[in-house]
There are 2 protein chains.
Amino acid sequence: MREFKRKSRVLLIDDNADHLRGVKELITLESSYDVVGATTSANIGINLAKKYRPDIILMDINMPEKDGLQAIQEIEKLDMDIRVIALSGYDDADLIFRAMKLGAKGYVLKTMASAQLIYAMDEVASGKIYLPTALTSRFFEYFQRSFREEAATTEENLLTYLTAREEEVLDLLTQGNNYKGIAGKLFISETTVKTHVNNIFQKLQVNDRTQAVLYALNNGFAGRRRSKMAV
Amino acid sequence: MREFKRKSRVLLIDDNADHLRGVKELITLESSYDVVGATTSANIGINLAKKYRPDIILMDINMPEKDGLQAIQEIEKLDMDIRVIALSGYDDADLIFRAMKLGAKGYVLKTMASAQLIYAMDEVASGKIYLPTALTSRFFEYFQRSFREEAATTEENLLTYLTAREEEVLDLLTQGNNYKGIAGKLFISETTVKTHVNNIFQKLQVNDRTQAVLYALNNGFAGRRRSKMAV
DNA sequence: CGATATATCAATCCAAAGATGTAAGACAAA
DNA sequence: TTTGTCTTACATCTTTGGATTGATATATCG
């Protein structure tokens, strides 16, 4: 089956013309890839991508004119099943993290052996996501650090002092309910809700419902709302 | 230098006694590791960890009594530089994601060759984070999917209708300020703030400040507050 | 058993928040 | 210049929210 697979079509985007030429030659030597375009401009590259619908894009992400990361984002938005491999001169954890977050299917250093680039392309062409082991380690260090910081602040958590009922009330607060709404949903009177809410304020050491909601969300109160990580 | 390195101390936690014994034998055969403990109970394991301070823990994460993930979390909280490698029978993306998020330094399938387990231990002992390539791919698929969904919902965003000043006001709202606080910080009168806030309510189609804040936080309003991903 | 914690409800009272309408000055685009 | 948007500001009125005090019923725990 493998020998009948059609060649994968590759688009190259790299503002360094020399490097662009080098990579192009390297890939053209590989019988399993066709270079359908090569440009030093991210914007032109995006247009070429729309036009030629390559299978894979090798994208330099350290470009002055337009940020390669932004270009990745725009290409992903097209939702055309174009797989982007980020090329970079730096093994900066933050860069790796952001590239992968934006949907890059691989991240390869320019200093790496050409065999590794081809291997990455093979893996990505077959639908996998490829990160060199060393970069995977870096990625995870960054990834875990961002959660360790969270965990640290979650240590002493005023939320633990809330009773079960108070948690229910707080949960409804974090959904934007007012007293009447909460009372209706819990089948209790509005004044009872007021009592609970006031007790919550005392325990969380806040002055109003907005602050209570913010405290809850910033301190691991799930509230069935999925959240995010800043880019 | 390598031959002078002291043996790494390993603690095994696996509720399956047979598997526990097998792994113990396997590791004892390796000259570079000492098994300092082996237990079928997560709780006992945590206590052993405190007592013997192993370098590495191999932790089964599919245990009925106590969740292995929770055990990882507790061990990480100890902050004793104990490196946990998750052992699991399943290559479930969500399990991998949560284990790594909680600080596991590796994730190895029980079905994998023993050589791979030893390799993972070698890598982790040397300070790296190790995930088999296949699992790395799974992890990233999960990782990227969680962001794609975000991007999708952020498409049509009522926040874009806000003026610059309104965004400033909303930002202060998401920090728990009341009218007086916002007026003071922006050097404008309280009535002006009221005007802005009311306009914000109209544009975001909400009824009160809490709902406005929730809308902002759930729709990519950065608000200089780092956020999280639910476990 | 008595002490304590929780959940329920009510009556006040004051402050804060929200709705609505109006309007003036700045500024940019048509 | 005119038009429109944005920012500022005020007055008025209604509703909601928050603080406080006190009361009752029901568990749970020692």
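Which element gives the largest share of the surface near DNA strand D? I looked it up: H9(B) does, with four residues. By "near" I mean a residue with a heavy atom within 4 Å of the strand. Helices here are DSSP runs of H or I with at least four residues, strands are E runs of at least two, and both are numbered from the N terminus.

A note on sources: this is a predicted model, where local features need pLDDT of at least 70, side-chain atom pairs count only at pLDDT 80 or more, and totals for chains, interfaces and linings use all residues. Residues are numbered from 1 along each chain as its sequence is written, chains are lettered from A and ligands numbered from 1 in the order in which they are written, and side-chain values use heavy atoms, without hydrogens and water.

**Entry: DNA strand D**

I found 17 residues around DNA strand D, and Asn178(A), Asn198(A), Thr163(B), Arg165(B) and Ser189(B) come nearest. I then checked polar contacts (pairs of N or O atoms within 3.5 Å). A polar side-chain atom of Arg165(B) sits 2.6 Å from a phosphate oxygen of DNA strand D.

I sorted the surface by class: four nonpolar, nine polar and four charged residues. Here Ala, Val, Leu, Ile, Met, Phe, Trp, Tyr, Cys and Pro count as nonpolar, Asp, Glu, Lys and Arg as charged, and the others, Gly among them, as polar.

**Entry: DNA strand C**

I counted 16 residues around DNA strand C. Thr163(A) has a side-chain N or O atom 2.6 Å from a phosphate oxygen of DNA strand C. Asn198(B) places a polar side-chain atom 2.7 Å from a phosphate oxygen. Thr195(A) points to a base instead: a polar side-chain atom lies 3.2 Å from a base nitrogen. H9(A) gives the largest share of this surface, four residues.

**Entry: the H10 pair**

I turned to helix H10 (residues 209–218) of chains A and B. Their axes, lines fitted to C-alpha atoms over the stretch in contact, are compared by N-to-C direction on a scale from 0 to 180 degrees. The helices pack at about 30°, with axes 9 Å apart. H10(A) and H10(B) are therefore roughly parallel, a term for angles under 35 degrees.

Note on methods: Polar contact = N/O pair within 3.5 Å; in protein donor to acceptor, adjacent residues only side chain to side chain. Parallel < 35°, antiparallel > 145°, perpendicular 65-115°, else oblique.
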